[in-house]
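Colleague: I would like to learn how to read a model like this one. Shall we go through it feature by feature?

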Amino acid sequence: MTNYKINEFFETIQGEGQYTGTASIFIRLQGCPVGCSWCDTKHTWEVENDLQIPIQQVFAKTVETPQWASLSANEIVEHIKLQGYRSKHVVITGGEPAMYNLIEMCDALHAHGFSTQIETSGTFEIKVPAKTWVTVSPKINMAGGYKVLASSMARANEIKHPIARQSHVEELEELLNTAPVSEGTLIYLQPISQKIPATKLAIETCMEKNWRLSIQVHKYIGIA
Ligand code: SF4
């Protein structure tokens with residue numbers, strides 16, 4: 001039985017990619033060695049054994065902390081019901097969720113009528129059922145030294161790439177050449193930090209390449 005280390009567990013609207021606008025339950029898992037300098041969830045990087053807390057304290061968090069709770073797949077389903085969440089879509093994020101074998105969790109959620117999605121850097125082998133939607137946001141040449149895996153790119157249902165400048169577009173093109181995606185995979189460019197030059201570049205590149213724009217809707221409407 002797999003136990004999952006959970007840093008956050010909350011319900012909101014998915015603001016990015018294909019599922020934008022979908023009421024979703026987010027499960028943020030603890031642990032990530034990828035080392036992106038601009039990471040906005042650095043509190044999830046380390047797994048400190050003495051920071052384990054009961055799941056009730058995870059639900060009660062009002063600020064981001066590196067504390068986590070351990071739950072099995074069935075306990076995750078139980079707690080979704082206990083919380084009274086209404087969403088039927090579950091987004092598993094991190095940290096780096098692909099460090100975990102997610103098959104048990106996703107199978108349990110599917111058995112209870114939920115759809116599932118993971119958001120991963122693509123640097124770990126992805127272990128999910130076939131019907132889980134896989135979002136790969138490829139983290140290229142980050143400090144942790146992990147490479148984006150060809151198998152992750154091939155498994156992706158969508159690629160979501162944050163960009164601020166032309167070199168970010170070029171690094172994605174290079175990656176797509178060496179680690180191609182499967183037919184039908186959606187490619188999204190996401191302007192970093194809602195900056196106007198980044199947004200303009202993303203729009204122009206999407207028009208040119210017939211890619212899609214992801215604009216972090218949750219940040220525009222002021223929700224988590
Ligand atoms: S992969 Fe995600 S969680 Fe890990 S360092 Fe990069 S942005 Fe942060």
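Predicted model: local features only at pLDDT ≥ 70, side-chain atom pairs only at ≥ 80, totals over all residues.

Colleague: How many bridges join β7 to strand β8?

Modeller: Start with the rule: two strands pair if DSSP finds at least two bridges between them. Here six bridges join β7 to β8 (residues 186–191), and the two strands run parallel. Residues are numbered from 1 along each chain as its sequence is written, and side-chain values use heavy atoms, with hydrogens and water left out.

Colleague: Which strand does β7 join through two bridges?

Modeller: That is β6 (residues 133–136), and this pair also runs parallel. Look at Thr135: its bridge partner in β7 is Glu158.

Colleague: How many residues of β7 are buried?

Modeller: Cut-offs come before the count. Buried means under 20% relative accessible area, exposed over 50%, and partly exposed in between (1.4 Å probe, protein chains only). β7 spans residues 158–163, and five of its six residues are buried. Across the protein chain, buried residues make up 51% of the 224 residues.

Colleague: Where does Ala198 lie?

Modeller: In helix α6, residues 196–209. Helices (H or I, at least four residues) and strands (E, at least two) are DSSP runs, numbered from the N terminus. The protein chain has seven helices and nine strands.

Colleague: Why is Ala198 called buried?

Modeller: Because its relative accessible area is 3%. Now check its neighbours, taking contact as heavy atoms within 4.5 Å. Leaving out residues up to four places away in sequence, Ala198 touches Ile163, Ala164, Pro191 and Ile192. Ala198 and Ile163 are 35 residues apart along the chain, yet their C-alpha atoms are separated by 6.5 Å.

Colleague: What share of the contacts links residues 24 or more positions apart?

Modeller: Among contacts with a separation of 6 or more in the protein chain, such pairs account for 63%.

Colleague: What radius of gyration does the protein chain have?

Modeller: Compare with a rule: 2.2 Å times the number of residues to the power 0.38, with the radius taken over C-alpha atoms. For 224 residues, a compact globule would come near 17 Å, and the protein chain has 17 Å, so the two agree. The C-alpha atoms fill a box of roughly 50 × 35 × 35 Å along the principal axes.
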